Amino acid sequence: MLITVSGPAGSGKSTFAAALANALEVDHVSGGDIFREMADERDMSLVAFNELAEEDDQVDRDLDRRLREIADENDDLVLESRLAGWMAGDHADLRIWLDAPMGVRAERIADREDKSVETAREETTARAESEAKRYAEYYDIEIDDRSIYDLVLNTSRWSPAAELEIVLAAVESYDPAEDEGRAPVTGVDYDF
């Protein structure tokens, strides 16, 4: 199965995707790891590469092209990034969206990055607005459209172990012969 895990910053997608891949004994590919590899390929720090990405849309397009290629070439994989569900498109067998209220996500980010909750909230809100604008402009993707996702989970409601249990139950009970309607991904411009 190719499973995608997407969600906003602070939703817990990286931690969850790694745990899911481990439980399923499949590989895990992270958009964040690919971004770091791309920075290394250009011999740039993450800060400098992020600044470049803000000015050069080809950075996002290269990352998304790689995600699309990985989805096209792999079957047993957990692919994780904000746009993984969209980039994998119809290659994905199961698309998961993780989310949590902004206050919870801001607290998580503040703890992770050792900053104030208010700073984390402001930065996360600005980042989300910038990303939503870019996704719509680049690919005609409305990031708030959850219609392509098979599971949407509020990670503030359950522990990481319980989240994993919920999703594993869905994965283990999935029968392609009984699938009457995987949501198609349409209208996305994959011209990278």
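This is a predicted model: local features need pLDDT of at least 70, side-chain atom pairs count only at pLDDT 80 or more; totals for chains, interfaces and linings use all residues.

Me: OK, pockets then. What volume does the largest pocket have?
Reply: About 1500 Å³. A pocket is an open set of points on a 1 Å grid over the protein atoms alone, where a 1.4 Å probe fits, with protein on both sides within 12 Å along at least five of seven lines; lining residues have an atom within 4 Å of a point. The volume is the space filled by probe spheres set on the points, which are joined across faces, edges and corners.

Me: Which residues are the closest to the centre of the largest pocket?
Reply: Ala9, Lys13, Arg82, Arg127 and Glu131, out of the 46 residues that line the largest pocket.

Me: And how does the lining of the largest pocket split by class?
Reply: There are 17 charged residues, 16 nonpolar and 13 polar in that lining.

Me: Which element supplies the largest share of the lining of the largest pocket?
Reply: Helix α7, with eight residues. Several helices supply at least two residues each to the lining, including α1 (13–24), α2 (31–41), α6 (102–113) and α7 (117–139). Helices (H or I, at least four residues) and strands (E, at least two) are DSSP runs, numbered from the N terminus.

Me: What about the second largest pocket, how much space lies in there?
Reply: About 220 Å³. The second largest pocket is lined by 15 residues, and the closest to its centre are Pro8, Trp97, Ala128, Ile143 and Asp144. Two elements give two or more residues to this lining, β4 and α7. Again α7 gives the most, here six residues. By class, the lining of the second largest pocket divides into seven nonpolar, seven charged and one polar.

Me: Is Thr124 buried or exposed?
Reply: Buried, because its relative accessible area is 7%. The cut-offs: buried is under 20% relative accessible area, exposed is over 50%, and partly exposed is in between (1.4 Å probe, protein chains only).

Me: What is Thr124 in contact with?
Reply: Ala9, Met102, Arg105 and Ile109, leaving aside neighbours within four places in sequence. Contact means heavy atoms within 4.5 Å. Thr124 and Arg105 are 19 residues apart along the chain, with C-alpha atoms separated by 8.6 Å.

Me: Switching topic: why is strand β4 largely enclosed by the rest of the structure?
Reply: Strand β4 covers residues 94–99, and five of its six residues are buried, so the rest of the structure largely encloses it.

Me: Which strand do four bridges join to β4?
Reply: One is β1 (residues 2–6), which runs parallel to β4 with four bridges. Another is β5 (residues 151–154), also parallel to β4 and also joined by four bridges. Two strands pair if DSSP finds at least two bridges between them. To see this on screen, look for Thr4, whose bridge partner in β4 is Arg95, and for Leu98, whose partner in β5 is Leu153.

Me: Now the chain's ends. Where is Met1 placed?
Reply: Met1 sits in the segment before β1. With a relative accessible area of 28%, Met1 is partly exposed. Not counting residues up to four places away in sequence, Met1 touches Asp75, Asp76, Leu77, Asp93, Leu94, Val171 and Tyr174. The C-alpha atoms of Met1 and Ala21 are separated by 11 Å, at 20 residues apart along the chain.

Me: And where is the place of Thr186?
Reply: Thr186 is in the segment after α8. Thr186 is exposed, with a relative accessible area of 61%. C-alpha to C-alpha, Thr186 and Ile143 are 14 Å apart in space, and they are 43 residues apart in sequence.

Technical notes: Residues are numbered from 1 along each chain as its sequence is written. Side-chain values use heavy atoms; hydrogens and water are left out. Ala, Val, Leu, Ile, Met, Phe, Trp, Tyr, Cys and Pro count as nonpolar, Asp, Glu, Lys and Arg as charged, and the others, Gly among them, as polar.
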